[in-house]
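Colleague: I am new to this structure. Please take me through it, one topic at a time.

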Amino acid sequence: MKTCFKVMAKNSKIKDYGLFTKFRLSFSVIISALSGFLFAGGGTWMEAFYLLVGGLLVTAASNGSNQIWEKELDKKMLRTEKRPLPRGSMSLAEAYTVVVVSLAVGSWMLFQLNLNAMILGLVAYVSYSFIYTPLKQVTPWAVIVGAFPGAIPPMLGAIAVTNEFSAMPGALFFVQFVWQLPHFWAIAWVAHEDYQKANFYLLPSMSGKSKTSAFRIALSALLLIPFSLFPWVLDFVGPFSVMAASILGLIFFLYAYKLYLTLDDKDAKKLMFASFIYLPLIQFVYVIDKYFFFT
């Protein structure tokens, strides 16, 4: 019986760490970093390990810092009230320890790749934790500010290989930057009422779930089509990426346009899930094109 309780306690603590660091979100971030790494030419298995684990840990530190900052606000929202800090299953001291250790080890691992990779990881951490997070209660522009650190992963992956801030990682950065606008705004639409309990106003218009907000979401999705062609314009990929990016972008835009027509939460959820699918597809389209079609 005691063994059973110990196993349950251990599993509960693992779950707490997963919630505190937003492990599933962190995992999606390193997939983007991997796409940039492969697109830039890849490297050894050890370099990939440093990038993925280091990026995962720095992202975990960012997510943990966000929850420390918002621990009282999280108690007010249904979507966050079961996180370990508001629930009381994790102490503040333990939370700080997880953040500091994750950031230190993650930064060290990125430094093993090159100094620029480590600097980029730290820029993402600071801008997300100490600029985007407090702005969420101040202005809807917080989403655009948060899109900067959120767009760093594929750029980081490329710079882990090239060790320079050039057009290639820049193109990957801007694709993910523009993608985040309809992605985050779709989430903000679905969670709007819950967000308001914590005074978060993250839709693109203070009018809330309105035609104005929906129009701006649809416009951002439409802008993603030309931005997704940046790697082709810069001659990093060929016609295969143009065709795939155009088709994927049009399908994604149609989800956003449907939300504009209906203003329905169900269509916002569809757009949100479509965004989760779109990003890895377009990023690995670039990788596949470069290795198998582009000459």
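Modeller: Domain bounds here come from an automatic or database domain assignment. This is a predicted model, in which local features need pLDDT of at least 70, side-chain atom pairs count only at pLDDT 80 or more, and totals for chains, interfaces and linings use all residues. Residues are numbered from 1 along each chain as its sequence is written, and side-chain values use heavy atoms, with hydrogens and water left out.

Colleague: Which domains does the domain assignment give?

Modeller: The bounds are those of the assignment just described. For this protein it gives domain 1 (1–164) and domain 2 (166–294).

Colleague: How many residues of domain 2 are in contact with domain 1?

Modeller: Contact means heavy atoms within 4.5 Å. Taken over C-alpha atoms, the centres of the two domains are 22 Å apart. On the domain 1 side 35 residues are in contact with domain 2, and on the domain 2 side the count is 31 residues.

Colleague: Which helix gives the largest share of the nonpolar patch?

Modeller: Patches are made of residues with over 30% relative accessible area and no salt bridge, with like charges joined within 9 Å and nonpolar side chains (Val, Leu, Ile, Met, Phe, Trp, Tyr) within 5 Å; accessible areas come from the Shrake-Rupley method with a 1.4 Å probe, and for residues only the protein chains shown count as cover. W69, V126, F130 and I131 make a nonpolar surface patch of about 380 Å². One of these, I131, counts as partly exposed because its relative accessibility is 41%. The largest share, 3 residues, comes from helix 7 (residues 115–135).

Colleague: Is S62 buried or exposed?

Modeller: S62 has its place in helix 3 (residues 45–69). Leaving aside neighbours within four places in sequence, S62 is in contact with A124, Y125, Y128 and S129. Its relative accessible area is 7%, so S62 is buried.

Colleague: What distance separates the C-alpha atoms of E70 and P86?

Modeller: E70 lies in the loop between helix 3 and helix 4 (71–74), and at 2% relative accessibility E70 counts as buried. Beyond its neighbours within four places in sequence, E70 is in contact with T133, K136 and F200. E70 and P86 are 16 residues apart along the chain, and their C-alpha atoms are separated by 9.3 Å.

Colleague: How many residues apart are K13 and E94?

Modeller: A salt bridge is a side-chain nitrogen of Lys or Arg within 4 Å of a carboxyl oxygen of Asp or Glu, and the count by this rule is 9. K13 and E94 meet in one of them, at 3.3 Å from N to O. This pair links distant parts of the chain, with K13 in helix 1 (residues 2–21), E94 in helix 6 (residues 92–111), and a separation of 81 residues.

Colleague: Is D74 buried or exposed?

Modeller: The side chains of D74 and R83 meet in a salt bridge of 3.2 Å, N to O. R83 has a relative accessible area of 12% and is therefore buried. For D74 the value is 0%, so D74 is buried.

Colleague: What is phi of N163 near?

Modeller: Most residues other than glycine have a negative phi. N163 is found in the loop between helix 9 (152–162) and helix 10. Its phi is positive although N163 is not a glycine, and lies near 60°.

Note on methods:
Helices (H or I, at least four residues) and strands (E, at least two) are DSSP runs, numbered from the N terminus. Buried means under 20% relative accessible area, exposed over 50%, partly exposed in between (1.4 Å probe, protein chains only).
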